[in-house]
Protein chains: 2
Amino acid sequence: MSSSEPGTSPSAAPRMDERTGAARLRSLPTRLLSLAATHSDRLVNEGLAAADARKWHFAVLATLEESGPASQAELSRRTGIYRSDLVSVINELTDRGLVERAPDPADRRRNVITMTERGRARFARLDELVTELEDEVLAPLGPAERDQLARLLARLVDHHARRDG
Amino acid sequence: MSSSEPGTSPSAAPRMDERTGAARLRSLPTRLLSLAATHSDRLVNEGLAAADARKWHFAVLATLEESGPASQAELSRRTGIYRSDLVSVINELTDRGLVERAPDPADRRRNVITMTERGRARFARLDELVTELEDEVLAPLGPAERDQLARLLARLVDHHARRDG
DNA sequence: TACTAACGTTAGTTGGACCAACGAAATGTG
DNA sequence: CACATTTCGTTGGTCCAACTAACGTTAGTA
């Protein structure tokens, strides 16, 4: 695949894996990944904060919207939020009247988290907001490129999620 | 591939921007970006830590290797490290005998940071290590896909770097 | 019964990104 | 020249996300 022979390429710019020094630094995928994520996170966090929300709020509401009521442990698994951090997230959501936390009669270790009507409406609004923020982050890319990026990233995430559980 | 026209594709999966609930959550580019960066950062940090190094060490050495001696302020600009954080990074590098910090006679506000012979050798080793780590992070992708990913990310970083300086 | 595992919770650590403000030194402006 | 502004290295913080440890409670299991 992709001629491993150097010198056969007539391109003006050096191949990425042949760069050295700071030029290599600037094109290092892991570095670009970090930088892009930093910018993206900032934009998303600021956007959500302006609407009195956080990333995790959206993640939890989205999961409840799709799968219905769930225990905190289950929400933790599906969203990737640590169960210790999830406590305060659920607190914030209940404070805003978006979800309800009730003990599970069938298993008294568990709490059942249920989305309220207000929570559903809220999620719809956040969903739109997130769409706008995604658009802002991905502004320089066309639709096909956005799909491609998402697919490549999903492959990476998938691969590494399997390895460390 | 990449027919930018919707509806022409016979794919079974829904288009990414038409998903709802948790399925959308799982395919959100900003989320994938965060997750991928988290995994990548962890791998790289652990790998470098095992060699008594850190990301910033590599960044500084790479910059010095390419452009020669520089002031801390200049290194800060080129690597993106905050100038306040750079202080301890330079300390760590001098402690290991990889760079030298000397006052600049031409501008007595500045320090001139110069790479030592040992620093050059060290950089060569770190360079190889980073190559291995990159390979581990990008394991699930082929060479062409890696290039594509790097290019897409570079476009994002470029775009957002201009906006906030 | 006793042991093990899961659950929610509290309290903590670690590390990265970032800001404020300082004295010293340089540069610009009148 | 004098004065204001800017730059530089440095100190000492803040804030937040990711992560860990441990505890009491409850459920399954041998």
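1. In this predicted model, an N or O atom in the side chain of B:Arg109 lies 3.5 Å from a sugar or linking oxygen of DNA strand C, a polar contact being a pair of N or O atoms within 3.5 Å, where within protein one must be able to donate a hydrogen and the other to accept it, and residues adjacent in sequence count only if both atoms are side-chain atoms. Phosphate oxygens of DNA strand C are also approached, at 2.2 Å by a polar side-chain atom of A:Arg42 and at 2.8 Å by an N or O atom in the side chain of B:Tyr82.

2. Of the atoms of DNA strand C within 4 Å of the protein, 71% belong to sugar or phosphate, and the rest belong to bases.

3. Between the two protein chains, 64 residues of chain A are in contact with 62 residues of chain B, contact meaning heavy atoms within 4.5 Å.

4. There are 6 salt bridges between chain A and chain B, each defined as a side-chain nitrogen of Lys or Arg within 4 Å of a carboxyl oxygen of Asp or Glu. One of them joins B:Arg24 to A:Asp127, with the closest N and O atoms 2.2 Å apart.

5. Residues are numbered from 1 along each chain as its sequence is written, while chains are lettered from A and ligands numbered from 1 in the order in which they are written. As the model is predicted, local features need pLDDT of at least 70 and side-chain atom pairs count only at pLDDT 80 or more, whereas totals for chains, interfaces and linings use all residues, and side-chain values use heavy atoms, with hydrogens and water left out.

Methods
Near = heavy atom within 4 Å.
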